[in-house]
Structures are given as structure tokens and as C-alpha cells.
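Keep the view open as you read.

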Amino acid sequence: MAVEKLFKDEATEEKGERARMASFVGAMAIADLVKTTLGPKGMDKILQSTGRGHSVTVTNDGATILKSLHIDNPAAKVLIDISKVQDDEVGDGTTSVVVLAGELLREAEKLVGSKIHPMTIISGFRMAADCARKALLDRVNDNKDDAEKFRLDLMRIAKTTLSSKILSQDKEHFAKLAVDAVMRLKGSTNLESIQIIKKAGGSLKDSFLDEGFILDKKIGLGQPKRIENANILVANTAMDTDKVKIYGARVRVDSMAKVAQIEGAEKEKMREKVQKIIGHGINCFVNRQLIYNFPEELFADAGILAIEHADFEGIERLALVTGGEIASTFDNPESVKLGHCKLIEEIMIGEDKLIHFSGVEMGQACTIVLRGASFHVLDEAERSLHDALCVLSQTVNDSRVLLGGGWPEMVMAKAVDELARKTPGKKSHAIEAFSRALIAIPTTIADNAGLDSAELVAQLRAEHHKEDSNAGIDVITGTVGDMSELGISEAFKVKQAVLLSATEAAEMILRVDEIITCAPRRREDRM
Amino acid sequence: MAPSMAAAQPLPSSKTESYVDNKRKDDIRTANIKAARSVADAVRTSLGPKGMDKMISTATGDVIITNDGATILNKMEVLQPAAKMLVELSKSQDVVAGDGTTTVVVIAGAFLKQCQTLLHSGIHPTVVSDSLNKVAVKAVEVVTAMAVPVELSDRVSLVKSASTSLNSKVVSQYSSLLAPLAVDSVLSVVDPAKPDLVDLKDVRIVKKLGGTVDDTELVKGLVFDKKVSHAAGGPARVENAKIAVIQFQISPPKTDIEQSIVVSDYTQMDRILKEERSYILSMIKKIKATGCNVLLIQKSILRDAVTDLSLHYLAKAKILVVKDVERDDIEFVTKTLNCLPIANIEHFRAEKLGYADVVEEVSVGDGKVVKITGIKDMGRTTTVLVRGSNQLVLDEAERSLHDALCVVRCLVNKKFLIAGGGAPEIELSRQLSAWSKVLHGMESFCVKSFAEALEVVPYTLAENAGLNPITIVTELRNRHAQGEINAGINVRKGQITNILEENVVQPLLVSTSAITLAAECVRMILKIDDIVTVR
């Protein structure tokens with residue numbers, strides 16, 4: 001007799017063919033959703049939030065789109081995860097990885113349909129991925145030793161990354177910004193010291209890179225607006241009043257004069273605190289919390305520049321770049337590390353006044369000020385620039401560079417095809433399928449640009465049949481062009497990550513033969 | 001251009017012959033364009049000097065009558081994302097140039113209309129989008145070539161452009177008064193050290209109901225929309241004022257820690273009252289000792305800024321008191337008075353005071369304001385006192401004045417003027433069509449359509465003025481073809497004249513930013529192929 005009931009109420013189980021179909025369909029749906037954003041002529045999506053305010057985001061960034069989706073399909077979630085991982089690891093190629101995984105699954109679906117065991121497909125995919133990676137490694141370009149050429153590589157990578165984004169019109173300008181910023185980091189991948197400030201107004205072209213740190217705050221009233229050789233104390237302390245934190249504490253007095261005395265004493269305490277702070281030998285004081293009028297005036301009298309209400313991120317970064325530490329007690333001046341910088345001054349960006357710290361201790365720090373017509377544009381510009389910065393900082397460490405525009409896919413596809421021919425048995429079908437999935441990427445790029453993809457990809461394939469071809473899709477003119485002449489490059493690390501994680505994800509989804517959906521947790525259970 | 005010709009067919013299916021649902025994508029794009037166009041149509045009738053106003057009744061029941069595109073759109077509460085983008089567009093124009101907020105939306109609407117036709121004939125959106133970008137770049141070139149440089153010292157030209165902006169508003173009959181006022185107030189806050197930057201925050205607009213817009217005046221000094229505190233018959237006018245801006249309170253002490261005074265018998269009560277009196281008196285004595293005779297007191301939420309008792313003593317000491325000055329205003333006030341705020345009675349020193357010839361309370365309409373004039377070493381700020389017979393007019397006057405101020409600021413930023421009255425648009429349209437003939441393929445086709453789209457501005461201007469738009473636009477085209485690049489629609493006379501001679505001018509920045517922003521927005525809408533609902 002069969003087991004009558006294995007699962008709890010409402011828990012469902014899908015088996016075998018059905019389970020596989022469900023995951024294939026889910027994953028492909030996700031891939032198709034972001035497919036149109038691929039490439040320099042990819043389209044954007046509006047993300048309309050159902051939350052409060054119905055805020056609207058316009059974006060082209062695969063990771064951003066995917067991470068804000070409502071998804072119920074488990075396989076689709078796997079794809080979203082690989083896109084996230086890709087974003088964290090290398091920052092770019094978030095769309096490509098999902099599209100490739102989707103295409104792999106599409107091919108796999110057909111193979112499964114023709115009764116090839118999923119495990120055979122997986123082993124074929126593995127061999128193909130390995131071969132593709134080797135093919136890429138053979139063709140990488142490494143200009144690490146030649147600083148001049150390396151910079152050119154970086155510029156090219158930045159331009160290629162940016163060309164699919166909103167910044168494409170001013171990609172020259174932004175590529176330069178990004179490369180300059182990353183070069184300042186000198187090999188570190190700590191993007192935290194690159195600060196991005198968004199200010200509405202002006203056009204994207206007015207964006208600039210600034211050496212130093214900019215704080216979007218105001219200087220207190222009556223205080224110096226310019227300080228040279230500043231000693232900065234960064235603090236997180238209450239500058240309103242020091243309260244007794246015991247609940248219900250109160251003072252009983254019997255006359256008005258005593259109340260006045262207590263008030264006086266409170267003022268005196270604040271004055272002492274200010275004196276202690278001043279005693280650190282500083283001329284700039286940055287606090288995370290509010291500074292009330294009274295201490296503000298005391299600072300003004302002492303000729304100290306005091307900045308109140310700097311946000312958490314702001315002071316942490318400021319402490320980092322000026323080499324100081326965030327202090328919250330001021331009894332031991334010798335134990336507090338002060339930050340230093342050459343010059344603090346007030347600058348105007350657009351209509352707003354900001355505080356500029358230049359000549360900071362940490363030379364790597366810099367600020368990119370983005371200008372743009374509206375917040376949609378600025379947000380999207382920030383995302384795009386962030387992608388470029390990520391890729392560049394990765395490339396600085398791993399300086400291997402490939403050509404772009406569908407070139408790497410064609411190179412891989414060619415190598416994989418050759419492998420398929422050599423491999424006996426059913427596996428060769430899977431390997432062949434892998435190469436078809438790879439070609440889907442240039443096809444999508446061409447499709448998105450409104451070009452005749454079948455024609456172009458066929459031309460491209462013919463071109464690649466020759467040895468050492470540099471052919472790729474030139475989306476601008478809509479023809480097959482020489483990628484090295486056009487200066488379209490991509491980082492090897494990005495491509496490798498795309499290849500490997502897409503294969504892994506596809507493999508994972510292929511292995512699934514049963515989906516068990518657990519019963520949703522009920523509210524009543526808690527009662 | 002063989003490959004891009006292929007784009008004329010619907011997208012070929014991908015290599016894997018999967019089912020690609022292209023229909024839905026087209027639908028979304030069309031829906032977006034339609035929504036955005038209906039927004040543009042809503043504000044279209046308010047363009048130009050004879051444009052109509054809109055009455056908006058808000059959810060809270062307030063009524064606003066305005067002609068300002070940005071304000072109309074802002075209050076419309078649209079939900080469709082693409083329509084929202086048009087609202088944003090108008091806001092950006094408001095930020096960048098301050099004027100032309102209707103124009104920018106109308107141009108975007110016209111571009112979208114052309115896009116719709118282009119997309120229907122099967123041109124790929126990216127091709128359309130790229131051509132639009134080229135059009136925008138070229139248009140800026142053309143407009144810049146048309147512009148006439150202007151000097152800041154040339155007050156007449158500045159006034160002209162400010163009045164062009166004001167002419168389309170409710171307050172147009174007062175443009176002869178408001179335009180010079182706007183020019184003077186902006187010029188007076190220009191810092192000679194930074195001649196290209198104007199911070200409009202330094203121009204303060206104070207609204208007061210009563211009188212007519214005619215009574216609007218520029219005050220070289222400060223105006224508070226507040227009464228002098230009269231509780232105990234204090235002075236309402238002080239000459240040779242020594243002004244202190246204080247951030248502390250003249251009231252019985254209050255500690256931050258919770259406290260209670262324990263009274264055990266009634267004699268103690270007497271004593272407490274006496275102490276309170278002497279406490280306040282001692283504070284006021286200290287104030288008096290510095291010679292201060294005007295106090296501006298910052299609003300305090302923690303405790304009363306002044307009490308009846310302290311007001312009484314202050315009145316006795318012949319000190320004029322203005323209370324409840326907002327904390328945000330303190331910077332403006334101290335900058336104007338050239339004084340320092342005082343946060344504690346112990347720091348009350350003569351060197352922190354500001355000096356002015358007269359501080360007086362003036363009745364204006366049904367209310368009263370406090371005016372401070374003749375300020376010694378006054379900072380670079382100005383105050384404009386706007387008057388109006390009802391709240392609606394008053395608000396609209398303020399918005400119009402703001403636009404006019406922005407226009408002048410644009411001229412300070414970018415010192416070029418351009419003709420108004422549809423002249424630049426028709427010239428653009430003409431030059432762009434000519435340019436489209438040297439281009440190839442799809443691009444040429446798109447550029448030509450967009451060139452036609454720009455005719456919407458003179459067309460709408462004529463339409464709103466009750467003229468026959470077709471006659472006007474064709475004649476305008478004809479005149480421009482004959483080389484009269486400054487020919488434009490003279491709405492008052494209802495005919496075409498040299499618009500530069502008619503003194504209808506606007507800053508270059510307004511025109512260029514309208515075109516570039518509109519193009520940017522339309523391109524963004526074109527590039528969207530899906531609306532995804534997210535958390």
C-alpha cells in the first residue's frame with residue numbers, strides 16, 4: 001500500500017519531467033526578461049514599485065532589475081542569485097550571465113526532450129565550459145608591464161562597459177573619470193574610498209573627479225569658511241545635552257534659583273565638553289549628531305569649524321580618508337587620533353554649498369561628483385559608473401584583457417564546436433548545444449540593436465573560421481568589424497565569471513528532478 | 001545601410017527559434033508614449049502670452065490658479081511611470097533654467113508624436129533615439145549661433161527678457177513693474193568675486209495679502225512677515241537700531257533633566273515668583289547693557305521663547321522684540337544684518353550686534369510686517385515684498401516672480417539672449433530639415449520628422465492666441481526661408497514681425513536646456529520596453 005500522506009497539508013511536490021519543465025520555464029522567463037537590456041543598444045526597463053510612493057526607477061542594469069523582482073519560481077531564484085554574485089564579484093556582466101544560463105537551459109530542454117540523460121548533458125557542458133575557458137586563455141592579451149598600453153586597455157574596458165548604459169553619450173568623459181579614480185587606488189579594490197556624490201542640475205558632461213573628499217553639509221554659523229592645515233576631530237557624541245540616561249531620574253528643588261543653577265550647570269558641562277574638544281588642538285570638528293546653538297557659538301568663538309549632523313557613512317569615510325579615528329569621549333587627548341588635511345573650504349556645486357577637504361592623508365581617496373538632469377538619470381548614472389569602477393578595479397589586479405562585441409563568444413563557440421566533433425558519444429550533442437548557447441549572446445546583441453542577427457552571426461562565424469580573427473559585431477554601423485581597431489575590450493575576469501557561473505547555474509537546475517514546496521507557515525500557528 | 005533597413009521588419013526571431021513576444025513590447029512603448037503625450041496635451045494650452053491658466057483643486061480642497069507648467073504638472077499626481085517622467089522633465093527644467101517649463105513638455109510631446117509615427121513605420125527605437133540625440137546636439141549649435149551676447153550692465157536687455165517671461169503669466173499687466181524689480185534684485189546679490197554664480201536663496205520673497213500687485217516693492221533690507229510683540233506696549237519703531245539675533249530664551253529656566261520644584265508652604269510661592277522676576281530682569285539688564293534695542297528671537301520648541309513677563313520688561317527697557325524667527329532663516333538674517341547669532345546670555349556682547357537706521361512695524365493691508373532698513377554693511381541679500389488682492393493672485397505672482405528671477409539668473413550664468421515668439425524653433429526646424437538632406441538612410445528620415453516636430457511651439461503659440469496656426473506657421477517658414485531669422489509671432493499684433501525689435505527676448509539657456517532635456521527624456525521613454533512591477 002502506498003504511503004497515504006507524506007507531506008503536511010498544502011505542501012506540494014512536483015516530480016520528474018514536470019519539475020524539470022517548471023524550472024526550465026522559470027529560468028528561461030527570467031532570462032528573456034533581461035535579454036533585451038543586453039548590449040550597447042539594449043533597452044531599459046521601468047521598475048515600478050508597489051510599495052509606498054510608487055517610486056519609479058529606470059534602469060538597464062541586469063542585477064538591479066533582477067534583485068527587485070517578485071519571484072516564486074525556485075529555478076528563477078537561482079538565476080537571480082548568480083546575477084547577484086556576479087555583481088558582487090566583478091560588478092559587470094550581470095545580464096550576460098543570466099542570458100547565457102537561460103540559453104544553456106533552453107538547449108538542455110531540447111536535449112532532454114530527445115531523451116538524453118541530464119547527467120550526460122551536464123558532463124558535456126562541463127567539458128565544453130572547460131574547453132571554452134582554455135580557448136579564451138589562449139587569446140588573452142596582457143599589457144601589465146606596459147603602463148601606457150595598460151591604461152589604454154582600461155580606457156577601452158571602461159568605454160565598453162559604459163556604452164551599454166545611460167552614460168553612453170559621454171562615455172569618453174566618464175571612462176576617463178573612472179580610470180583616473182581607479183588608478184588612484186593603486187591596486188586596491190576598496191571602492192569605498194571613491195565617493196560618489198549626486199547633484200541634480202547641469203548635464204552629465206559637467207560631472208567631474210575631485211581629488212579629496214566632499215561632504216554635503218553646511219558649516220556652522222559664524223565659523224571660518226576656509227582652513228589650511230586642518231586638524232580634524234571626527235566624533236560621534238551628543239552635542240545637545242548630556243542627559244542622565246537612567247529612566248525616571250529627576251531633580252527636586254525648592255526654588256527657582258536652583259533651577260537656574262542646574263541650567264547653568266548643564267551649560268557649564270557643555271562648555272567643559274567643548275573646552276575638552278578644543279583642547280585636542282583641532283581647528284575642525286565633525287560630529288555625527290546635532291550640534292546645538294550653544295556649543296556652535298562656542299566653537300565659532302574659538303575659531304573652530306564645526307560640522308553637525310554628518311551621516312554615518314560620511315563620517316566613517318571622512319575618518320578613513322583623513323586618517324583619524326571616530327571619538328566619543330574626550331578625556332584623553334593623547335589617545336585620540338586626529339585626522340589631517342591641507343585645506344578645508346566651502347565650494348559651490350550647482351546651487352548647493354558643500355565642504356571640500358583637499359590634500360587628505362589617504363592619497364587614494366577621491367570623489368566623483370555626478371551631475372544630471374533628474375534623479376532618474378543620476379541614479380542610473382551612479383549604477384553605471386559603479387559597474388565601470390568595479391570592472392576596472394578588478395582589471396587592475398588581473399590585467400588580462402579580451403576583445404568585446406561578441407568576439408569572446410565566437411572564439412569560445414569555435415573551440416567548443418571543434419571539441420564536439422572530436423568527442424564520441426551523446427556528449428557531443430551537449431557540447432554542440434553549448435556552442436549554440438554561446439552564439440545566442442552575439443545574436444541577442446544584434447537583435448537588440450535592430451540588426452539582422454541571422455545574417456550578421458553567419459558572417460561573424462565565417463570570419464572566425466579564419467585563424468586569429470578579431471571580428472565582432474559593430475553595433476554602431478551594424479556590420480561585422482575588427483574589434484581591436486574599434487577599441488572594444490572586456491576584462492577576462494568578467495567573461496570567465498560569466499562562463500563559469502552560468503554553466504554552474506544551468507547544471508544545478510538540470511540536476512533537479514523534484515520540487516517540494518513546503519506548506520506556507522500559518523499565522524495561526526503562533527496563537 | 002543595408003542592415004538597418006532590415007530593422008524595418010519586425011525583429012527576426014533569435015537563433016533558437018523561440019517564441020519572442022514582440023507584440024507586448026510594442027504595446028508598452030505605445031502605451032508609454034500615449035500617456036506621456038496626454039500629459040503634454042494637458043499643459044499645451046498654457047503656452048505663450050495668450051495661454052490659458054489652469055485651476056487645480058488639490059486633495060485638501062485648496063485651489064491654485066496657475067500658468068506655470070512645472071506647478072501644474074507637479075500637482076497633477078500622475079501615476080503612469082512614463083507620464084511621471086514628463087513631470088520630472090518639467091521639474092528639471094525648473095531647476096536648470098526656472099522658466100520654459102511648459103515649453104519643454106510641449107516639445108517633448110511633439111517629439112513623442114513623431115516617434116510614434118516613426119515606430120509605426122517600423123524603424124527601430126534605438127535608431128530613432130540616436131537620431132534624436134543628433135538633433136539635440138545640432139539644435140543647440142544652431143540656437144547658439146542665433147544668440148546675441150548681452151552684458152550684465154545692459155539693464156534694458158535684462159528687463160526685456162524678464163518681461164517676456166512675465167508676459168505669459170497672470171500678472172502680465174504688471175510686467176513693467178516686476179521685470180525691473182527682478183533684474184535689480186538678482187543684480188544686487190551677484191557677488192563680484194564670483195560673477196557667474198547667483199544663489200537665489202539670497203533673494204527672499206515675502207508675500208502679504210492686501211493691496212494689488214502694483215504695491216509690490218523691493219526692500220533693501222529685511223522684512224519679517226510678523227508683528228512686533230506688543231504684549232506690553234513696547235516700541236513699534238526704533239531708529240539707530242542695534243539688533244541682536246538671539247538663540248536663547250528669555251523665560252524662566254528649564255533644565256534638560258527633569259525637575260520639579262517642591263513648595264511646602266505659600267510663602268515659598270511668593271519667593272519663587274520673585275525669583276522668576278529677578279532672574280528675567282537680570283537677563284534683560286545684561287541685554288540692555290550692550291545698548292541693544294531690537295531683539296530677534298529664534299523660535300524654540302523646547303520652551304517658550306518669551307513670556308508675558310519678559311515681554312513686559314523688554315517693553316519697559318524700550319526694546320523692540322520680534323519673536324519666532326525660524327531657525328532656517330537665521331543664516332539669511334545674520335548674513336543680511338552682518339551680525340552673529342548669540343546662543344547664550346553670557347555671550348551677549350556689543351560686537352555681535354548688527355546696526356540699522358530704522359526698524360519699524362508697518363501696516364500692510366490687513367496685517368503688519370516688520371521692516372529693517374538702512375542696514376550698516378549689509379550682506380548681499382534682497383527682500384521682495386509681494387502684494388496681491390487675493391491669495392491666488394499672490395501665489396501666482398510669487399511663482400511668476402520666481403520665474404523672472406530665474407530668467408535673470410540664467411542670463412548671469414550664460415550671458416546670451418535669443419529671440420522669443422517661436423523664432424528660434426522655426427529657424428531650428430528650417431535648418432534641421434536642410435541638414436537632414438545631407439544625412440543618409442533612416443537617420444535622415446528621423447531628423448526630418450523631428451525638425452517638423454519643433455514647429456509645434458510657434459503652432460501652439462498661434463493657436464493659443466486665437467490666430468490661424470497654419471497661416472502663421474507657413475508665413476513664418478516663408479519669412480525664415482528669406483533669411484529673416486528673427487521673425488517671430490507677435491501675439492499682441494497678431495502678425496509676424498521681427499521679434500528682436502519687439503523686445504521679446506529670452507535667455508539662451510532656457511532654449512538650449514529645453515531642447516536637450518526634452519530630447520533626453522524622450523530618448524529615455526523610447527528605450528523602455530517593459531514595465532516590471534517590483535517590491
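Over all chains of this predicted model, the count of salt bridges comes to 40. Side chains of opposite charge can pair when their charged atoms come close.

Now move to chain B, and find B:Glu398 and B:Lys207, whose side chains meet in a salt bridge at 3.1 Å, N to O. B:Glu398 belongs to helix H12 (residues 391–413) and B:Lys207 to strand S4 (residues 203–209) of chain B, so this pair ties together parts that are 191 residues apart in sequence. B:Glu398 is partly exposed at 25% relative accessibility, and B:Lys207 is partly exposed at 29%.

Helix H12 of chain B holds another pair, B:Arg399 and B:Glu396, three residues apart, or about one turn of the helix. Their side chains meet in a salt bridge of 3.1 Å, N to O. Are these two residues buried or exposed? Both B:Arg399 and B:Glu396 are buried.

On chain A, a negative patch is formed by A:Asp142, A:Asp145, A:Asp146 and A:Glu148. One of these, A:Asp142, lies in strand S4 (residues 141–142) of chain A and is partly exposed, with a relative accessible area of 44%. Chain B shows a nonpolar patch of about 350 Å², made by B:Val263, B:Tyr266 and B:Met269. B:Val263 is found in the loop between strand S8 (259–261) and helix H9 (266–289) of chain B, and is partly exposed at 38% relative accessibility.

Finally, step back to the chains themselves. Chain A is divided into domain 1 (12–141 + 403–511), domain 2 (147–212 + 363–398) and domain 3 (215–362). The C-alpha centres of domain 1 and domain 3 of chain A lie 53 Å apart. Chain B has domain 1 (21–148 + 419–527) and domain 2 (221–257 + 272–377), with 52 Å between their C-alpha centres. The C-alpha trace of chain B spans about 100 × 60 × 40 Å along its principal axes, and its secondary structure comes to 17 helices and 19 strands. Of the 535 residues in chain B, 57% are buried.

Note on methods. Residues are numbered from 1 along each chain as its sequence is written. Chains are lettered from A and ligands numbered from 1 in the order in which they are written. This is a predicted model: local features need pLDDT of at least 70, side-chain atom pairs count only at pLDDT 80 or more; totals for chains, interfaces and linings use all residues. Side-chain values use heavy atoms; hydrogens and water are left out. Domain bounds come from an automatic or database domain assignment. Patches are made of residues with over 30% relative accessible area and no salt bridge: like charges are joined within 9 Å, nonpolar side chains (Val, Leu, Ile, Met, Phe, Trp, Tyr) within 5 Å. Accessible areas come from the Shrake-Rupley method with a 1.4 Å probe; for residues, only the protein chains shown count as cover. A salt bridge is a side-chain nitrogen of Lys or Arg within 4 Å of a carboxyl oxygen of Asp or Glu. Lys and Arg count as positive and Asp and Glu as negative; His and the chain ends are not counted. The place of a charge is taken as NZ of Lys, CZ of Arg, CG of Asp or CD of Glu. Helices (H or I, at least four residues) and strands (E, at least two) are DSSP runs, numbered from the N terminus. Buried means under 20% relative accessible area, exposed over 50%, partly exposed in between (1.4 Å probe, protein chains only).
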